[in-house]
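Here are my notes on the model you sent. They are set out as numbered points, to be read beside the structure.

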Amino acid sequence: MILTKKMWMVTMLFLSVIVFLSACGGRGNQPDEKQNQASGESKSAATKTVKTIHGDIKIPVHPQRIVVDMYQNDLLALGIKPVGSVKYYLDNPFSKDLVQGIESIGDRGSVSIEKVLALQPDMILIGSKDTSEYEKYSKIAPTIVIPYGTYKNVHEELTAFGELLGKEQEAKTWLAQYDQRLQAARDKLKGTVQAGDTFTVMEATEKEYYVYGDNFGRGGQAVYRGLNLTPPPQVQKELLGETQWKSISKEVINQYAGSYIFLTVNKDLSGYEGDSIWKSLSAVRNGKVFELQEDRYWYFDPIAIAGQAEELADMIVQRNKENVSQK
């Protein structure tokens, strides 16, 4: 087929229009792609300033690589998996199914700064008030210090972490489930725990005892705050405020011993029998002493407290059944 001059001109004009429209369409997509890319970069780079004991510190709004030396389980409760944590907290039996993929940075008192550095964190959370610790970590990434004991209860603690990390709704959801679990544990004790029953959280050593309050681990948070169990008057008076633990001699143990005793022991003192003073205590005579292994009850994070409260409620119910059957 031979094109006439007129047909040839029309064809060329048509092709020019197609090329022009294609070029416009291609250029039209570019701003959107660049805008989306810029938006993603802006989100990951966005920062905010928070007040800390070391002054105002700028942190990422959405941190992606957090290293912790204490608050591992607070982050896990919020659905955040830190990239690095301390072995002691990685070994927490109440969160063993949640820590896969978290790198160990060493143990308490022997953290490897080289390992922290290799993880390239964009934020670090620590619990020590030691200025040298802060300075060490802050050279690597923005570091937030939250001293141990800052928060008085699980609700206050997890709410604060939710606000810090932009996980307010996740905190509310987790706390609602936490409240349901604790209420179920308390309900188990109805009819078992009687009016006037008191509960002591203690630790035994070869020479003395330690008595604990409601915010210092050893199961204290689970006993007094989780299960709402009543401490003896002397514990109520001395150990449920700013002072949370006390060393006492064996001669005055009866002043702090409740009708139930939760006794933390190490492996060497497992099956603790004590002396004549210990054996004279009401809780000992009535079979209401519960040994708690330290590697399970020293933990004090929200996840551990919930698990401990459930375990302790079951222990009390089971022991009372056994005591009744033996009468």
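1. Residues 24 or more positions apart account for 60% of the contacts in the protein with a separation of 6 or more, a contact being heavy atoms within 4.5 Å. This is a predicted model, in which local features need pLDDT of at least 70, side-chain atom pairs count only at pLDDT 80 or more, and totals for chains, interfaces and linings use all residues. Residues are numbered from 1 along each chain as its sequence is written, and side-chain values use heavy atoms, with hydrogens and water left out.

2. The protein holds 13 helices and 14 strands; these are DSSP runs numbered from the N terminus, helices being H or I of at least four residues and strands E of at least two. Of its 327 residues, 42% count as buried (buried is under 20% relative accessible area, exposed over 50%, partly exposed in between, with a 1.4 Å probe and protein chains only).

3. Asn73 sits in helix α2 (residues 72-77) and is buried, at a relative accessible area of 3%. Leaving aside residues up to four places away in sequence, Asn73 touches Asn92, Ser95, Asp301 and Ile303.

4. The structure has 17 aromatic pairs. Rings of Phe, Tyr and Trp (its six-membered ring) pair if their centres lie within 6.5 Å; planes under 30 degrees apart are stacked, over 60 edge-to-face, and the rest tilted. One of the pairs is Tyr148 with Phe300, edge-to-face at 4.8 Å centre to centre and 65 degrees between the planes. Tyr148 lies in the loop between β9 (143-145) and α6 (154-165), and Phe300 in the loop between α12 (294-297) and α13 (302-326), so the pair ties together parts 152 residues apart in sequence.

5. The lining of the largest pocket divides into 10 nonpolar, 4 polar and 5 charged residues. Here Ala, Val, Leu, Ile, Met, Phe, Trp, Tyr, Cys and Pro count as nonpolar, Asp, Glu, Lys and Arg as charged, and the others, Gly among them, as polar.
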